[in-house]
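Open the model in your viewer and keep the selection panel at hand. Each stop below says what to select.

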Amino acid sequence: MKTMLKGKHCITLQDWNREEIETVLDLALELKRQKALGIPHHLLKDKTFFMLFFEESTRTRNAFEAGMTQLGGHAHYLTPSQTQIDHGEGPKDTVEVLARYGHGIGIRNCTLGVGNRYMREMARWAKIPVINMQCDIYHPTQALADILTIKEKFSGDVKGRKFVISWTYAPRYVRPLSMPQSLVLLMSRFGMDVTLAHPPEFKLMPDIIKQAEANAEAAGVRFEIVHDMEEAFKDADIVYPKSWGALMHTPVEREALDLIEKYPEWVCDQRKMNLTKPWSIYMHCMPADRGVEVTEEVMDGPRSVIYDQAENRLHAQKALMALTM
Ligand code: CP
């Protein structure tokens, strides 16, 4: 267990070693237990966490905000238009000032080529920890909740499990790459064999694939990329089917939306779930396009752990804040 995490930024879990991540997960479980028992745990009494959102959120925002209340502190919800950011105030001036008032800052900025750079610039100047609440490349707090959920569902026995992250057909808007990228990077580090499935145009960032291959090699596990959803699902222990954009193929939104229409059969349904192991679990970070990318039967079925997964956002984020702030 690592105890010297005060002030550590969390922009990607690639910057956190396994022992540090396990420390967050241990504390998350302890805080989950205490909440269930009604035991107060005001570990961040009188402290403030700033949440700067360039895009909207249900889970991330409310898990951080409720989490800060439960830790005895307070969370401020900020947007560019409610601050001077929309008038051009840059990351250095914003974070230098906010650090004089509070104790941590989270940022969500998913604009491709902008979001991660913005938060790294903030972290360069920040005297308080910077937490990535999702950017164009990573979504570390969702990935923390996901590994916590997998460990719970398999009683800690995750080594050698087949973890599948698959693209799905969800036509309404272009989703970021941050979720599949965080998953392919993290799951092999916990000893799982990782299969990434997507149609050819829906590649992840080449640098992320290189890092994922290196992580898998270091862990002695398999990392494979396939272009067939059914092949991927075969004998899986964990399936995580969700949509993302063809952002590495085209920067034009209309073209990216048209590409989705080529693959309407990439849907998670019971027939595909039947290809997985009998004890497999279905995961989704949500929001899910109900009845489109996944059938209601699967989403509400016995394999689905989506609400436990969403709950774990709260416990994992509380642990992350308590250890770093
Ligand atoms: N999974 C997730 O990040 O959800 P929100 O966009 O609602 O925060």
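The tour goes from the ligand to its surroundings and then to a cavity.

Before you start: this is a predicted model, where local features need pLDDT of at least 70, side-chain atom pairs count only at pLDDT 80 or more, and totals for chains, interfaces and linings use all residues. Residues are numbered from 1 along each chain as its sequence is written, and side-chain values use heavy atoms, with hydrogens and water left out.

**Stop 1: the shell.** Select Ser57, Thr58, Arg59, Thr60, Arg108, His139, Gln142, Cys285, Met286 and Arg313, which surround the ligand (a heavy atom within 4 Å). The shell holds 2 nonpolar, 5 polar and 3 charged residues.

**Stop 2: polar contacts.** These are pairs of N or O atoms within 3.5 Å. Show the His139 side chain: one of its N or O atoms is 2.8 Å from a ligand oxygen. At Met286, a polar backbone atom is 2.8 Å from a ligand nitrogen. At Arg313, a polar side-chain atom lies 3.3 Å from a ligand oxygen. The ligand alone exposes 250 Å², and the protein buries 92% of that (Shrake-Rupley method, 1.4 Å probe).

**Stop 3: the domains.** Color 13-139 + 312-324 as domain 1 and 142-309 as domain 2. Both give residues to the shell, so the ligand lies between them. The bounds come from an automatic or database domain assignment.

**Stop 4: the cavity.** Select Tyr138, Pro140 and Arg189, which are among the residues that line the largest cavity.

Definitions and conventions: A polar contact is a pair of N or O atoms within 3.5 Å; within protein, one must be able to donate a hydrogen and the other to accept it, and residues adjacent in sequence count only if both atoms are side-chain atoms. Ala, Val, Leu, Ile, Met, Phe, Trp, Tyr, Cys and Pro count as nonpolar, Asp, Glu, Lys and Arg as charged, and the others, Gly among them, as polar. On a 1 Å grid over the protein atoms alone, a cavity is a set of points where a 1.4 Å probe fits but cannot get out, and a pocket is an open set with protein on both sides within 12 Å along at least five of seven lines; lining residues have an atom within 4 Å of a point.
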